[in-house]
Amino acid sequence: MFELGEVIEWGRKRKRSIPVFKTKGETTFITIFHDGAGFYLFSNDEKYFTLDKFISNLPRGTVITQINDTLVNGDILEED
């Protein structure tokens, strides 16, 4: 199901159709960015509740270069 909601794109607020997931139990949805270089993760699963928990559940060898708008240098987040 989709609802009309306010989102921020490129620094501007816009009205967009946004997905609304009504699920029972722990559920996770992943959508890949249009360029294939990233993804959105929608989840009510406890293992993804914090960034540390999420990262610890990625496959071994996964390279993280950016989280949201923050670049990652090794294990250190670079401040803007």
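R16 has a relative accessibility of 38% and is therefore partly exposed, where buried means under 20% relative accessible area, exposed over 50% and partly exposed in between, for a 1.4 Å probe and protein chains only. The structure is a predicted model, in which local features need pLDDT of at least 70 and side-chain atom pairs count only at pLDDT 80 or more, while totals for chains, interfaces and linings use all residues. Residues are numbered from 1 along each chain as its sequence is written, and side-chain values use heavy atoms, with hydrogens and water left out.

## R16 and its surroundings

R16 is placed in strand 2; helices (H or I, at least four residues) and strands (E, at least two) are DSSP runs numbered from the N terminus. Leaving aside neighbours within four places in sequence, R16 is in contact with E3, L4, G5, V7 and E9, a contact being heavy atoms within 4.5 Å. For one of these residues, L4, the C-alpha atom lies 5.5 Å from that of R16, although 12 residues separate the two in sequence. With another, E9, R16 forms a salt bridge, defined as a side-chain nitrogen of Lys or Arg within 4 Å of a carboxyl oxygen of Asp or Glu.

## Salt bridges

Side chains of opposite charge can pair when their charged atoms come close. Across the whole structure, a search finds three salt bridges.

| Salt bridge | Closest N and O atoms |
|---|---|
| R16 and E9 | 2.8 Å |
| K53 and E46 | 3.8 Å |
| K13 and E6 | 4.0 Å |

E9, the partner of R16, has a relative accessible area of 24% and so is partly exposed. In the remaining pair, K53 counts as partly exposed because its relative accessibility is 35%, and E46 is also partly exposed because its value is 46%.

## Overall architecture

Read from the N terminus, the order of the elements is β-β-β-β-α-β-β-β. The C-alpha trace spans about 40 × 35 × 20 Å along its principal axes. The radius of gyration is 15 Å, whereas a compact globule of 80 residues would have a value near 12 Å; this quantity is taken over C-alpha atoms, and the globule rule is 2.2 Å times the number of residues to the power 0.38.

Of the 80 residues in the protein, 9% are buried. Among the contacts with a separation of 6 or more, 0% join residues 24 or more positions apart.

## Residues in loops

W10 occupies the loop between strand 1 and strand 2. Its phi is near 55°, a positive value in a residue other than glycine. W10 has a relative accessible area of 85%, so this residue is exposed.

The next loop to be described, between strand 2 and strand 3, contains T27. Is T27 buried or exposed? T27 is buried, because its relative accessible area is 18%. Not counting residues up to four places away in sequence, T27 touches F42, S43, N44 and D45.

F49 lies in the loop between strand 4 and helix 1 and is exposed, because its relative accessibility is 55%.

## The largest pocket

Rolling a probe the size of a water molecule over the atoms shows where empty space is left. The largest pocket holds about 1,500 Å³ of space. Among the 33 residues that line the largest pocket, F33, G38, F39, Y40 and N68 are the closest to its centre. On a 1 Å grid over the protein atoms alone, a pocket is an open set of points where a 1.4 Å probe fits, with protein on both sides within 12 Å along at least five of seven lines, and lining residues have an atom within 4 Å of a point. Grid points are joined across faces, edges and corners, and the volume is the space filled by probe spheres set on them.

Which elements each supply at least two residues of the lining? They are strand 1 (2-9), strand 2 (12-19), strand 3 (28-32), strand 4 (39-43), helix 1 (51-56) and strand 5 (66-67). By residue class, the lining comprises 20 nonpolar, nine polar and four charged residues. Here Ala, Val, Leu, Ile, Met, Phe, Trp, Tyr, Cys and Pro count as nonpolar, Asp, Glu, Lys and Arg as charged, and the others, Gly among them, as polar.
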